[in-house]
Amino acid sequence: MSFLGFGKPQPTLAEKMTAAEQELEMITDMFNRLTRSCHNKCIPTDYKEADLNKGESVCLDRCVSKFFDVNIKVSEAMQNQSQAMRGAQGGAGFSA
């Protein structure tokens, strides 16, 4: 706790654990979506070989790269939108 209420309050252990659990769930969800999407797109359902062939490997590399590129762009757009909304709300309370 901060002296006389100044400064930013520190998160509790429970808040840290909740944040870590949420982050783990988000990462797990993203991994599952990536795996499902790229597997459906790049690997045929009738397995003929134990290992990936060259075409499947290249397809998976490109799919994963595109998935992360899109994920980054969506995250940036959401952050920008969130900042714009906070800026609009912050300025609305003050009038001259």
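This is a predicted model: local features need pLDDT of at least 70, side-chain atom pairs count only at pLDDT 80 or more; totals for chains, interfaces and linings use all residues.
Buried, in this talk, means under 20% relative accessible area, exposed means over 50%, and partly exposed is in between, with a 1.4 Å probe and protein chains only. Residues are numbered from 1 along each chain as its sequence is written, and side-chain values use heavy atoms, with hydrogens and water left out.

First, the overall picture. The protein chain has two helices and zero strands; these are DSSP runs numbered from the N terminus, H or I of at least four residues for helices and E of at least two for strands. Of its 96 residues, 8% count as buried. The accessible surface of the protein chain is about 8700 Å², and 60% of that belongs to carbon and sulfur atoms. Those areas come from the Shrake-Rupley method with a 1.4 Å probe, and for residues only the protein chains shown count as cover.

Now the cysteines. A disulfide here is a pair of cysteine sulfur atoms within 2.5 Å, and the structure holds two. One is formed by Cys38 and Cys63, with the sulfur atoms 2.0 Å apart. This pair links distant parts of the chain, Cys38 in helix H1 (residues 13-42) and Cys63 in helix H2, 25 residues apart. The link has -90° about the S-S bond and is left-handed. Both Cys38 and Cys63 are buried.

The other disulfide joins Cys42 and Cys59, again with sulfur atoms 2.0 Å apart. Here too distant parts of the chain are linked: Cys42 lies in helix H1 and Cys59 in helix H2, 17 residues apart. The torsion about the S-S bond of Cys42 and Cys59 is about -70°, so this disulfide is left-handed. Cys42 is buried because its relative accessible area is 8%, whereas Cys59, at 25%, counts as partly exposed. With the bonded cysteines numbered in sequence order, the pairing is 1-4, 2-3.

Next, Val64, which sits in helix H2. At 29% relative accessibility, Val64 counts as partly exposed. Contact means heavy atoms within 4.5 Å, and, not counting residues up to four places away in sequence, Val64 touches Leu34 and Cys38. Val64 and Leu34 are 30 residues apart in sequence, but 7.0 Å apart in space, C-alpha to C-alpha.

On to charges. Side chains of opposite charge can pair when their charged atoms come close. The rule for a salt bridge is a side-chain nitrogen of Lys or Arg within 4 Å of a carboxyl oxygen of Asp or Glu. How many salt bridges does that rule give? The count is two.

Arg33 pairs with Asp29, the closest N and O atoms being 3.1 Å apart. Both lie in helix H1, four residues apart, about one turn of the helix. Arg33 is partly exposed at 37% relative accessibility, and Asp29 is partly exposed at 39%.

Asp46 pairs with Lys48, with the closest N and O atoms 3.9 Å apart. Asp46 is partly exposed at 45%, and Lys48 is exposed at 73%.

Last, Glu56, in helix H2 (residues 54-92). Leaving aside neighbours within four places in sequence, Glu56 is in contact with Cys42, Pro44 and Asp51.
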